[in-house]
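Welcome! Please take a look at the sequence and the 3D view below, and then let us walk through some of the contacts together.

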Number of protein chains: 2
Amino acid sequence: VTELKDIGELGLIQGLAALFSPINPRVLKGIGDDCAVLDGDGESLLLTTDILVEGVHFLKGTDPARLAKKLLAVNLSDIAAMGGRGKAALLSAALPPETPLSFWETLASTLAEEFAGRKLDLLGGDTSSSPGPIVLNLVLLGRADPDKVVYRAGAGANDLVYVSRTLGDSAAGLDLIKSPELKIAPDVQKYLRAAQETPRAEEELGPFLAETGLVTAMIDVSDGLTTDLTHLAEASGLGAEVFLDSLPVSDQVRTLGKLLDLDPVEWALNGGEDLALLFTVPPEKEFDLKQRVGKTFNRKLWKVGRMTSALGLAGVTGKTSKPLTGRGYEHFRSEKD
Amino acid sequence: VTELKDIGELGLIQGLAALFSPINPRVLKGIGDDCAVLDGDGESLLLTTDILVEGVHFLKGTDPARLAKKLLAVNLSDIAAMGGRGKAALLSAALPPETPLSFWETLASTLAEEFAGRKLDLLGGDTSSSPGPIVLNLVLLGRADPDKVVYRAGAGANDLVYVSRTLGDSAAGLDLIKSPELKIAPDVQKYLRAAQETPRAEEELGPFLAETGLVTAMIDVSDGLTTDLTHLAEASGLGAEVFLDSLPVSDQVRTLGKLLDLDPVEWALNGGEDLALLFTVPPEKEFDLKQRVGKTFNRKLWKVGRMTSALGLAGVTGKTSKPLTGRGYEHFRSEKD
């Protein structure tokens, strides 16, 4: 019998996309981007959803306040990657009946704080008991200027590929948490744990990049650079080169790499959940974009590659180029892989 | 330690509602009705979500086609109960990696058929592996004429309470499925099983009732008549009398009641998932409403009670009136109850 792990998450989603092509003219984008986009009379309505499952996305015993922040952040990141801002949400929760009330109260009050600070509304939801893991599902509605929405499709050949922050911090943080016996400086530990446990979405940068009109395609790095760049490249009908020698890796990730005898570039290429923005800009607009971002946010951006007419991903080191295959997180992967 | 089962689902939702009062002026209704309502420039956007958990809402081994239909029906019912029509959806699914691919394919293709027949769009979603039960979450967006949306609040004292179909069929169907040794006529069996396994939402009647402008408040019967009438009454700041002698009970439910030596009125009062519409109409508009529904749908409606200034629910038999307490489905109820 063929099982889900044999086709993987991508197979599952591609199957759905084939079954459901948009029907109503208001649907500007259905399955296949960070958000769905609906025409909403003068503005675009963005919709995204993320499910967090205990034992898959978080460990039993995880602090509910962190969980609430992460649940919101992963959804805000999808909205930001289209150039929009979050406005309202729906929450579904399946919880074992013996869940301590304090768990729920902390989760709910943390969400309430995070929502209030952003003027986000919780519109409703559904709750159920669960005979197994805690399952949380958040749906986030956002709004964007219809002329400024940035899709995965839209990159041109030779467009430069940028990311908004260092890569691999979250994945390295997960490996750190899995090695509690490791002796490592408290500040490095704190930095990496925070990257994994309370990642922050690029809520301000996403809409700003869209507003400039200089960015041709965008996605958030949630499954890993190779996986997410592949999504962007395929949606744009292109391939991409990744500049392996200039991937942005934090000093903290380098420190952990030395301790664990691992190449930090592996985390940067394949580690998920960084919630960095990954976007493309035509070479002639690169300078302008970097200037504007530097001026407004006092931040730099990292060039990590270039879009190519040749399909597939290639890793470039010096003058050597080799095919690069994604090894980002795969939900239904067989144990044997 | 206080646990979720000690406060129950209602406690959980009331806690949320207290934390999240609407912020944006576009939010016409947040937590506390069958759908949230957003102002959408000339029309109202309705939003609802329902989560189905294996072992709670359906048994392991349930036909995925039935599951797809039920998942859609419970959401369509919420939209219908506000007077709207479904337009688009988001699907989240957590599935064990060893789930047969055929399960997913049947679920997805059935949803696709149901969606296509209604010109509903699937806009996107999220998938994850699950270390335990299958969990499905559907979010449904609907649209309604902003002047015609019907809320739970809005009933007046002395308004008459109606339901759109017989009550208790779904709950009786569940009890039938739990007693496979029972000898019962095939047509009765088929009717009751279908009521439980593939309940149908009042997709046409809901918007029609709203359109008449004669209905003052509405909710769908998903948790049982007493529970849902309590919700409607409390939202309207009223109580209600239930006419116990005239509750609509199907012949099939009566037949099962005789076989199991159970009072069918118990199912009618406390059985969930009938997806009937429960609504109120002022006495002077009762005749007009019944006429219009009869003419358009060739259907009758059942009068089951009356709204009262006195709070709480009362069960009325002849001239006797006794307090009535809800015993509908409660997710987090302790085993001891």
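Is K70(A) buried or exposed? K70(A) is buried, because its relative accessible area is 7%, and buried means under 20% relative accessible area, with exposed over 50% and partly exposed in between (1.4 Å probe, protein chains only).

## Before we start

This is a predicted model, in which local features need pLDDT of at least 70 and side-chain atom pairs count only at pLDDT 80 or more, while totals for chains, interfaces and linings use all residues. Residues are numbered from 1 along each chain as its sequence is written, chains are lettered from A and ligands numbered from 1 in the order in which they are written, and side-chain values use heavy atoms, with hydrogens and water left out.

## Salt bridges within a chain

A salt bridge is a side-chain nitrogen of Lys or Arg within 4 Å of a carboxyl oxygen of Asp or Glu. Over all chains, the count comes to 34 salt bridges. K70(A) takes part in one of them, meeting the side chain of E273(A) at 3.1 Å, N to O. This pair links distant parts of the chain: K70(A) sits in helix α2 (residues 64-80) of chain A, and E273(A), 203 residues apart from it, in the loop between α9 (264-270) and β10 (276-281). Helices (H or I, at least four residues) and strands (E, at least two) are DSSP runs, numbered from the N terminus. E273(A) has 23% relative accessibility, so it counts as partly exposed.

E241(A) and R306(A) meet at 3.4 Å, N to O, linking strand β9 (residues 239-243) with strand β11 (residues 302-308) of chain A across 65 residues. R306(A) is partly exposed, because its relative accessible area is 25%. In chain B, D33(B) forms a salt bridge with R152(B), with the closest N and O atoms 3.6 Å apart. D33(B) lies in the loop between β1 and β2, and R152(B) in the loop between β6 and β7 (160-163), 119 residues apart. D33(B) is buried at 12%, and R152(B) is buried at 15%.

## Where the chains meet

Contact means heavy atoms within 4.5 Å, and here it takes 76 residues from chain A and 76 residues from chain B. Together the chains bury about 6,100 Å², 69% of it on carbon and sulfur atoms; buried area is the accessible area (1.4 Å probe) that two parts lose on being put together, summed over both.

The interface has 2 salt bridges. E43(B) and R26(A) meet in a salt bridge at 3.3 Å, N to O. On the side of chain B that touches chain A, the elements giving two or more residues include α1, α3 and β5 (121-129). β5(B) gives the most, with 9 residues.

## Rings that pair across chains

Rings of Phe, Tyr and Trp (its six-membered ring) pair if their centres lie within 6.5 Å; planes under 30 degrees apart count as stacked, over 60 as edge-to-face and the rest as tilted. There are 6 aromatic pairs over all chains. One of them is the edge-to-face pair of F20(A) and F115(B), 5.5 Å centre to centre with 75° between the planes. This pair crosses from the loop between α1 (4-19) and β1 (27-29) of chain A to helix α3 (residues 101-118) of chain B. F20(A) and F115(B) are both buried.

Why is the pair of F115(A) and F20(B) edge-to-face? Their ring centres are 5.5 Å apart and their planes lie at 75°, so the pair counts as edge-to-face. Both F115(A) and F20(B) are buried.
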